[in-house]
Amino acid sequence: MVVGQLFIDPGSREAGVGDRVLDLRPKKFDLLLTLTEHEGLVMSRAQLLDLVWGCDFPGGTRTVDAHVSHLRARLEGSGVRFVMELLALRA
């Protein structure tokens with residue numbers, strides 16, 4: 001999947017911007033993939049928790065906030081405006 005300069009390969013679980021591969025932990029990769037797969041939809045923290053962590057996750061919705069914050073930091077300055085807008089909408 002390619003969105004602007006962002007590429008996501010679910011098979012290899014690799015994502016990057018341009019020729020730079022992002023060092024993402026599994027849940028951050030899953031969150032990024034989920035957000036891009038649901039482009040154009042506004043999703044609640046509870047929906048993201050269910051899709052990314054599973055309905056039996058014992059943590060709270062602030063887990064989503066922390067992961068979104070880390071993704072923002074990884075993508076900051078990368079020119080991937082689409083993804084940054086997704087992260088801003090869901091923070």
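The structure is a predicted model, in which local features require pLDDT of at least 70 and side-chain atom pairs count only at pLDDT 80 or more, while totals for chains, interfaces and linings use all residues. Residues are numbered from 1 along each chain as its sequence is written, and side-chain values use heavy atoms, with hydrogens and water left out.

The protein chain contains four helices and four strands, which are DSSP runs numbered from the N terminus (helices, H or I, at least four residues; strands, E, at least two). Along the sequence these elements are arranged in the pattern β-β-β-β-α-α-α-α. Of the 91 residues, 40% are buried; here buried denotes under 20% relative accessible area, exposed over 50%, and partly exposed the range in between, with a 1.4 Å probe and protein chains only. The accessible surface of the chain is about 5200 Å², and carbon and sulfur atoms contribute 51% of this area. Among contacts (heavy atoms within 4.5 Å) with a separation of 6 or more, 41% join residues 24 or more positions apart.

Two packed helices are described by the angle between their axes and the distance between the axes. Axes are lines fitted to C-alpha atoms, for helices over the stretch in contact, and angles run from 0 to 180 degrees between N-to-C directions. Angles under 35 degrees are classed as roughly parallel, those over 145 as roughly antiparallel, those from 65 to 115 as roughly perpendicular, and the rest as oblique.

Helix α1 (residues 26–37) packs against helix α2 (residues 45–53) at an angle of about 120°, with the axes 10 Å apart. The two helices are therefore oblique to each other. On the α1 side, Lys27, Asp30, Leu31, Thr34 and Leu35 meet Leu48, Leu51, Val52 and Trp53 of α2. The residues of this contact comprise six nonpolar, one polar and two charged. In this classification Ala, Val, Leu, Ile, Met, Phe, Trp, Tyr, Cys and Pro are nonpolar, Asp, Glu, Lys and Arg are charged, and the others, Gly among them, are polar.

Helices α1 and α3 pack at about 85°, and their axes are 10 Å apart; α1 and α3 are therefore roughly perpendicular to each other. Lys27, Lys28, Leu31 and Leu32 of α1 form this contact with His67, Val68, His70, Leu71 and Leu75 of α3. Five of the residues of the contact of α1 with α3 are nonpolar, two are polar and two are charged. Valine 68, located in α3, is buried, with a relative accessible area of 1%. The C-alpha atom of valine 68 is separated by 7.9 Å from that of lysine 28, 40 residues apart along the chain.

For α2 and α3, the packing angle is about 80° and the axes are 9 Å apart, so these helices are also roughly perpendicular to each other. Arg45, Leu48, Leu49 and Trp53 of α2 meet Arg62, Thr63, Val64, Asp65 and His67 of α3. The residues of the contact of α2 with α3 divide into four nonpolar, two polar and three charged. Threonine 61 lies in the loop between α2 and α3 (62–75) and is partly exposed because its relative accessibility is 33%. Beyond neighbours within four places in sequence, threonine 61 contacts Arg45, Ala46 and Leu49. The C-alpha atoms of threonine 61 and serine 44, 17 residues apart along the chain, are separated by 9.3 Å.

In the strand region, arginine 13 occupies the loop between β2 (6–9) and β3 (14–17) and is partly exposed at 41% relative accessibility. Most residues other than glycine have a negative phi. Arginine 13, although not a glycine, has a positive phi of about 55°. Arginine 20, in strand β4 (residues 20–21), is partly exposed with a relative accessible area of 40%. Leucine 24 is situated in the loop between β4 and α1 and is buried, with a relative accessible area of 15%. Apart from residues up to four places away in sequence, leucine 24 touches Ala15, Phe29, Leu32, Leu71 and Arg74. The C-alpha atoms of leucine 24 and arginine 13, eleven residues apart along the chain, are separated by 9.1 Å.

Definitions and conventions. Accessible areas come from the Shrake-Rupley method with a 1.4 Å probe; for residues, only the protein chains shown count as cover.
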